[in-house]
Amino acid sequence: QVQLVESGGGLVQAGGSLRLSCAASGSSFSINTMGWYRQAPGKQRELVATITSGGSTNYKDSVKGRFTISRDNAKNTVYLQMNSLKPEDTAVYYCKGEVYSVDSSRSDYWGQGTQVTVSS
């Protein structure tokens, strides 16, 4: 069993910054792509950014140039540095990991979510 635990959310004024972290723990696993998703009230969950184990990244258009995703493979941790935050970035942010077991089976795991609120 693998657990993903997020931290770093909070309340910030528009134009401010926050850094989210997501650490994976468990035994006998490896993680390929890790990503951040978000869900605002009344809206569907959407992809924010992803990063492969090799470091290739992908971003939602509206966060390009403001958000940076990174990871520390040794710590099984992914980060999301969010700068120039806007009120429309307000959402619950979720971490997702594509986890492979020793038998090469794949399972997707989600964290519990962390609230990000940007005030105008």
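## Nonpolar core

The largest nonpolar core has 30 residues, and W36, L80, M82 and Y93 are those with the most contacts inside it. Two or more residues of this core come from each of β3, β4 (29-39), β5 (46-51), β7, β8, β9 and β11 (114-119). The model described here is predicted.

Of the 120 residues of the protein, 42% count as buried.

## Overall build

The protein has zero helices and eleven strands. Read from the N terminus, its elements run β-β-β-β-β-β-β-β-β-β-β. The radius of gyration is 14 Å, close to the 14 Å that the globule rule gives for 120 residues, so the protein is as compact as a globular protein of that length.

Taken along the principal axes, the box filled by the C-alpha atoms is roughly 50 × 25 × 20 Å. Among contacts with a separation of 6 or more, 53% are accounted for by residues 24 or more positions apart.

Strands of a sheet pair through backbone hydrogen bonds, either parallel or antiparallel. An open sheet is formed here by four strands in the order β1-β3-β8-β7, and the pairing is antiparallel. Strands β1 and β7 are the edges, as each pairs on one side only. From one strand to the next, the twist averages 15°.

## S7 in strand β1

S7 lies in strand β1, which covers residues 3-7. Leaving aside residues up to four places away in sequence, S7 touches R19, L20 and S21. S7 and L20 are 13 residues apart along the chain, and their C-alpha atoms are separated by 5.8 Å.

The relative accessibility of S7 is 39%. Because this value falls between the 20% and 50% cut-offs, S7 counts as partly exposed.

## Disulfide

A disulfide is a covalent bond between the sulfur atoms of two cysteines. The count in this model comes to one disulfide. It joins C22 to C95, with an S to S distance of 2.1 Å. The link of C22 and C95 is left-handed, with -75° about the S-S bond.

This pair links distant parts of the chain: C22 is in strand β3 (residues 18-25) and C95 is in strand β9, 73 residues apart. C22 has a relative accessible area of 0% and is therefore buried. C95 is likewise buried, with a relative accessible area of 0%.

## Positive phi in two loops

N76 has a phi near 50°, a positive value in a residue other than glycine. This residue is found in the loop between β7 (67-72) and β8 (77-82). N76 has a relative accessible area of 22%, so N76 is partly exposed.

S104 also has a positive phi, near 70°, in a residue other than glycine. The loop that holds S104 runs between β9 (91-101) and β10 (106-110). The relative accessibility of S104 is 55%, so S104 counts as exposed.

Terms used:
Residues are numbered from 1 along each chain as its sequence is written. This is a predicted model: local features need pLDDT of at least 70, side-chain atom pairs count only at pLDDT 80 or more; totals for chains, interfaces and linings use all residues. Side-chain values use heavy atoms; hydrogens and water are left out. Buried means under 20% relative accessible area, exposed over 50%, partly exposed in between (1.4 Å probe, protein chains only). A disulfide is a pair of cysteine sulfur atoms within 2.5 Å. A nonpolar core is a set of buried Ala, Val, Leu, Ile, Met, Phe, Trp, Tyr and Cys residues joined through side-chain atoms within 4.5 Å. Contact means heavy atoms within 4.5 Å. Two strands pair if DSSP finds at least two bridges between them. Axes are lines fitted to C-alpha atoms, for helices over the stretch in contact, and angles run from 0 to 180 degrees between N-to-C directions. The radius of gyration is taken over C-alpha atoms; the globule rule is 2.2 Å times the number of residues to the power 0.38.
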